[in-house]
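Hi,

Here is the structure I promised to pass on.

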Amino acid sequence: MKPLFSVCLLLLAITHSNSQNLVKNSSFEDYKICPEDIGKFKDNVTNWSILQGTTDYLNSCSRTVGFLNHNGKQIARSGFAYAGIFTYSNKDYREYIQGTLEEPLEKDKKYIVTFYVSLADYATLAIEDFSILFTNKPVAGSAVQSSNKTLVTRKTLSKINDLIYDHYQQIDPILYKSKQIWMQVYIPFTAKGYETHFTIGNFASNTRTQTLKVSDSNEKDFSYYYIDDVSVEVKDRELPPLYEETVPQITDATPKIERNKIYTFKNVLFEFNKADLLSASEEEINVLATILRNNKKLFIEIYGHTDAVGSQERNLELSNERAKSVATYLIEKGIDKDRVKWLGYGSSKPIADNATEEGRTQNRRVEFKVLEN
């Protein structure tokens, strides 16, 4: 069989140069406790804190607030974790993340800030008002709270003793509206020499925030973004802003997948007698999404199988539902529904002995085959 092509199993990072990233724990991988509820960023993510609100920490270790979470689905741009913040909500409600630098920035030296954002599935508004606040010390949330509002303003910052700060925005703002792919925020600036900490979020009020309605809802409009891969680096060469959406790329050094060959998912997992995908399944399925996004002529068939425990009718139904769950996930990741087919076989195609537990485990599987028009 002819090889299909090579596909990178992880999303490739787009880098600016060989400069050192000065942000500690830049992709939120180091933490104290696996989150099992929303709002667990504070006092949990190493070298990070919050100013206001109840910032979320999303980590694939969690079944409740992992890549499948209360605001939708998204795989981390790198690693296994990212932050989630409200950037627009009722009564100027805001959330922020505050990071720490490895060392103070050098006066008069040019730097580049980049981080990646993805609009949550259930958000109704996209914004263009991401910005960064540099300070000479960490800012306590209680110090910037005013009249029970969470919006951080110059007025509230000016009341903090000995605080030095500067606020920077993108030169050419765009609306960050993608719910499928991570988009880069790019902010160049010249340091003043005091900067040791920084805060990311939307510092504009609702009336001053540029928004785009991206979906309808019976609830009040809001904007909620996932954030990953935060970087502050020396600007050692001229580069244009990389505002475009970052798409996973194909390389020649990774494993090959062949056309018309049936593969079995290794990590597509379900709870007993259920068809809902567990968050641990998504990384493997995202590899297929990458393949299909990069090759528009390809389509995929997904097959569900069960062991022989239970009725034939229920096994056929369950296998079809599980195959459909994988197909639905791919469609939600932007793959045209006409390119995705699924079918459940129940227990009719065993590959091992159903009389043993080991055999039944092998028979409970989801398979796929990639084809070309």
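Predicted model: local features only at pLDDT ≥ 70, side-chain atom pairs only at ≥ 80, totals over all residues.

Two elements give two or more residues to the lining: helix H4 (312–332) and strand E20 (365–372). Of the elements, H4 gives the most, with four residues.

Next, helix H3, which covers residues 282–294. From its first C-alpha to its last, H3 reaches 18 Å, close to the 18 Å expected for its 13 residues at 1.5 Å a residue. How much of H3 is covered? Mostly, it is: ten of the 13 residues are buried. The buried ones include the run from Ile285 through Asn286, Val287, Leu288, Ala289, Thr290, Ile291 and Leu292 to Arg293, and Glu282 is buried too. In general, an α-helix has 3.6 residues a turn, so residues three or four places apart point the same way.

Phe28 has a phi near 65 degrees, a positive value in a residue other than glycine. You'll find Phe28 in the loop between strand E1 (3–6) and strand E2 (48–49). Asp108 also has a positive phi, near 70 degrees, and again the residue is not a glycine. Asp108 sits in the loop between strand E7 (97–100) and strand E8 (110–119). Are these two buried or exposed? Phe28 counts as buried because its relative accessibility is 0%, whereas Asp108, at 59%, counts as exposed.

Last one: Asn59, in strand E3 (residues 56–59). Its relative accessibility is 1%, so Asn59 counts as buried. What does the side chain of Asn59 make a polar contact with? The partner is the side chain of Tyr57, at 3.0 Å. Leaving aside neighbours within four places in sequence, Asn59 is also in contact with Tyr31, Pro35, Val65, Gly66, Phe80 and Ala81.

Cheers

Key
Residues numbered from 1 in each chain as written. Heavy atoms only, no water. Expected span 1.5 Å × (residues − 1). Buried < 20%, exposed > 50% of the residue type's maximum accessible area, 1.4 Å probe, protein only. Polar contact = N/O pair within 3.5 Å; in protein donor to acceptor, adjacent residues only side chain to side chain. Contact = heavy atoms within 4.5 Å.
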